[in-house]
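Hello,

Here is the structure we spoke about. My notes on it follow below.

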Amino acid sequence: MVALANPSRPRAAVVKPPLLNFAGVCLHCGDRWCEARKCADWHASSCWMVCPDCRGDGWTDTLLPCGCLFGVVEASAAADRGGRLSAV
Ligand SMILES: [Zn+2]
Ligand SMILES: [Zn+2]
């Protein structure tokens, strides 16, 4: 049920995190063990990029929490925060 990152994209420098995080919580709607079709569709079409705030560290002692997931952010969500950043 968990959609894993697709390793077949040849130029993918960023790995898409699984729809359910390691605690089983959906990245999209926040439900545990989510099986919603809309979330699966969102995940399949989502595009991820290295977090522009922490540059992929995920967190640091010197930065405020940036809200990324393991050093990556969903590209459209990052675009919503302003700035035109190239997505992968
Ligand atoms: Zn969901
Ligand atoms: Zn970050």
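This is a predicted model. Its chain has a mean pLDDT of 79, and 66% of the residues reach at least 70.

On the overall layout, the chain contains two helices and two strands. Read from the N terminus, these elements follow the order α-β-β-α. Of the 88 residues in the chain, 15% are buried. As for contacts with a separation of 6 or more, 40% of them join residues 24 or more positions apart.

W33 is not a glycine, yet its phi is positive, at about 55°. This residue belongs to the segment before α1. W33 counts as exposed because 10 other C-beta atoms lie within 10 Å, and the cut-off for exposed is 12 or fewer.

R55 also is not a glycine and has a positive phi of about 55°. Its place is the loop that runs between β1 (48-50) and β2 (72-74). Is R55 exposed or partly exposed? With 13 other C-beta atoms within 10 Å, R55 is partly exposed, since exposed requires 12 or fewer and buried requires 20 or more.

Regards

Methods:
Residues numbered from 1 in each chain as written. Chains lettered and ligands numbered in written order. Predicted model: local features only at pLDDT ≥ 70, side-chain atom pairs only at ≥ 80, totals over all residues. pLDDT = per-residue confidence, 0-100. Helix = DSSP H or I, 4+ residues; strand = E, 2+ residues; numbered from the N terminus. Contact = placed C-beta atoms within 7 Å.
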